[in-house]
Amino acid sequence: MERELLILGLLKAQSQHGYKINEFIEKNLGRVSNMKKATAYSILKRLEKEGYAQSSPDQEGNRPAKLVYSITEKGEKRFEKLLREVLSSTDETTPAFEIGIMFIDHDSARDALAYLAARLDHIERLLDSYRSAPKHPNGLGVDLAIDRRIRMYEADREWLKETLAYLKKQIEADSN
């Protein structure tokens with residue numbers, strides 16, 4: 001649903017070639033989306049098949065024709081529906097990390113400490129990267145998404161610090 005919303009939103013902003021959509025996602029949304037090129041193209045094809053998008057050939061000079069995708073009226077309605085759903089709902093899926101935490105007692109406390117410390121290091125690098133992201137010139141939405149991502153990682157970082165301290169105390173208590 002989120003990927004479909006992303007593609008429809010980009011088409012709503014402007015009709016464009018598939019490669020331009022991929023280029024925009026990579027350059028501008030790479031920090032908030034990990035969509036692969038093949039995925040974007042398959043979504044475009046599906047949206048077209050379902051009547052949410054249409055394509056028309058565009059040819060410049062002697063170059064081969066390329067398809068330009070546009071959102072249809074039906075696609076506009078679908079975009080609005082998806083946008084309302086995504087903005088008003090909560091994601092109830094359990095992230096893989098939380099599933100791993102559920103089984104942390106099946107590993108040694110020292111190993112768990114090492115894994116969580118590695119995650120903390122990774123989160124610190126991600127935070128540095130997100131904080132250094134330039135402001136997006138074409139609207140508030142991307143900046144809001146990056147700000148939310150920063151806040152989520154900050155919360156995860158604090159939880160990890162507390163959990164690492166707790167595990168260290170457990171290891172000390174077990175060794176006495």
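Contact here means heavy atoms within 4.5 Å. The model is predicted. Ile71 sits in strand 3, which covers residues 66-71. Leaving aside neighbours within four places in sequence, Ile71 is in contact with Leu8, Leu11, Lys12, Tyr52, Ala53, Glu76 and Phe79.

Is Ile71 buried or exposed? Its relative accessibility is 14%, so Ile71 counts as buried; the cut-off for buried is under 20%. Ser55 is 16 residues from Ile71 in sequence. In space, the two are 8.9 Å apart, C-alpha to C-alpha.

## Helix 1

Helix 1 runs over residues 2-13. At 1.5 Å a residue, its 12 residues should span 16 Å. The end C-alpha atoms of helix 1 are 16 Å apart, which agrees.

Which residues of helix 1 are buried? They are Glu4, Leu5, Leu6, Ile7, Leu8, Leu10 and Leu11. Two of these, Leu8 and Leu11, are also among the contacts of Ile71.

## Helix 1 against helix 4

Two packed helices are described by the angle between their axes and the distance between the axes. Helix 1 packs with helix 4, residues 73-88, at an angle of about 130°. Their axes are 9 Å apart. Helix 1 and helix 4 are therefore oblique to each other. Their crossing is left-handed.

Helix 1 brings Glu4, Leu5, Leu8, Gly9 and Lys12 to the contact. Helix 4 brings Gly75, Glu76, Arg78, Phe79, Leu82, Leu83 and Val86. By class, this contact has six nonpolar, two polar and four charged residues. Ile71 touches residues from both sides of it, including Leu8 and Phe79.

## Helix 6 against helix 7

Helix 6 spans residues 109-131. Helix 7 spans residues 141-175. The axes of helix 6 and helix 7 come within 9 Å and cross at roughly 155°. An angle over 145 degrees counts as roughly antiparallel, and helix 6 and helix 7 are therefore roughly antiparallel to each other. The crossing of helix 6 and helix 7 is left-handed. By class, their contact has 17 nonpolar, one polar and 10 charged residues.

## Glu124 in helix 6

Where is Glu124 placed? It lies in helix 6. Its relative accessibility is 25%, so Glu124 counts as partly exposed.

Not counting residues up to four places away in sequence, Glu124 touches Arg157 and Lys161. Tyr153 is 29 residues from Glu124 in sequence. The C-alpha atoms of Glu124 and Tyr153 are 8.3 Å apart.

Definitions and conventions: Residues numbered from 1 in each chain as written. Predicted model: local features only at pLDDT ≥ 70, side-chain atom pairs only at ≥ 80, totals over all residues. Heavy atoms only, no water. Axes fitted to C-alpha atoms, helices over the stretch in contact; angles between N-to-C directions. Helix = DSSP H or I, 4+ residues; strand = E, 2+ residues; numbered from the N terminus. Parallel < 35°, antiparallel > 145°, perpendicular 65-115°, else oblique. Left-handed = near helix turned anticlockwise from the far one by under 90°. Nonpolar A, V, L, I, M, F, W, Y, C, P; charged D, E, K, R; others polar. Buried < 20%, exposed > 50% of the residue type's maximum accessible area, 1.4 Å probe, protein only. Expected span 1.5 Å × (residues − 1).
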